[in-house]
Amino acid sequence: MNSDIQQFKSEFFKALAHPMRIRILELLSEGEKTVNEMQSILGSEGSAVSQQLAVLRAKNVVNSVKEGTSVIYSLRDPLIKDLLAVAKQIFDNHLVNAISLLEEIRSE
C-alpha cells in the first residue's frame, strides 16, 4: 500500500481519537448543527466543543459555513456516518465475545 495513503489514514484516525470528537461526529451524522446546539446536547462549555471542532476542521473531517452570527457544521463526507456505525458493530462484537467468555468462566 502506498505510504501516502497510510499517512492519510493515520492522520484521519488521529482526528477521531477523542471521545468528544466522536460524539460531535455522531451528532453531525444526524444533520447540520451549530456550536450552540452541540454545546446544549453535549452539556459542555463552548471552548471545549470549539477546540474539538477546530481539530476536525483542520483534518478536513467537518465543513463549516458562517450564517449571520452562527457557524453551521456538517460532515465533510457522509461515509463518516457509515464508519461510525461499523465501529459500533465492532465494539458490539467485542462485547458479545467478552460476555461469552465471562459466561464460560462462570460455568466452570
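1. Let's start with helix α2. In this predicted model, the buried residues of α2 are Met-20, Arg-21, Ile-24, Leu-25, Leu-27, Leu-28 and Ser-29. A reminder that helps when reading such a list: an α-helix has 3.6 residues a turn, so residues three or four places apart point the same way.

2. Next, the partner helix. α2 spans residues 19-29 and α3 spans residues 35-42; their axes come within 11 Å and cross at roughly 115 degrees. The crossing of α2 past α3 is right-handed. On the α2 side, the residues that meet α3 are Met-20, Arg-23, Ile-24, Leu-27 and Leu-28, while α3 brings Met-38, Ile-41 and Leu-42. By type, this contact has seven nonpolar residues, one charged and no polar.

3. Now the core. The largest nonpolar core holds 20 residues, and the members that touch the most others are Ile-24, Leu-25 and Met-38. At least two core residues come from each of α1 (3-15), α2, α3, α4 (46-58), β3 (70-75) and α5 (79-107). α2 gives the largest share, with five residues. As background, nonpolar side chains tend to be buried together in soluble globular proteins.

4. Leu-25 deserves a look of its own. Which residues does Leu-25 contact, leaving aside neighbours within four places in sequence? They are Leu-16, Leu-56, Val-61, Val-62, Leu-75, Ile-80 and Leu-84.

5. On to the strands. β1 (residues 33-34) runs antiparallel to β3, and two bridges join them. Thr-34 has Ile-72 in β3 as its bridge partner. β2 also pairs with β3 in the antiparallel sense, here over six bridges. In β3, Ser-74 is the residue opposite Asn-63.

6. Gly-31, which follows α2, has a positive phi near 145 degrees. Gly-68 lies in the hairpin of β2 and β3, which has two residues between the strands, and takes a positive phi near 65 degrees. Most residues other than glycine have a negative phi. Asn-60 is not a glycine, yet its phi is positive, at about 60 degrees. Where does Asn-60 sit? Its place is the loop between α4 and β2 (62-67).

Conventions. Residues numbered from 1 in each chain as written. Predicted model: local features only at pLDDT ≥ 70, side-chain atom pairs only at ≥ 80, totals over all residues. Heavy atoms only, no water. Axes fitted to C-alpha atoms, helices over the stretch in contact; angles between N-to-C directions. Helix = DSSP H or I, 4+ residues; strand = E, 2+ residues; numbered from the N terminus. Left-handed = near helix turned anticlockwise from the far one by under 90°. Contact = heavy atoms within 4.5 Å. Nonpolar A, V, L, I, M, F, W, Y, C, P; charged D, E, K, R; others polar. Core = buried A, V, L, I, M, F, W, Y, C linked by side-chain atoms within 4.5 Å. Buried < 20%, exposed > 50% of the residue type's maximum accessible area, 1.4 Å probe, protein only. Pairing = 2+ DSSP bridges.
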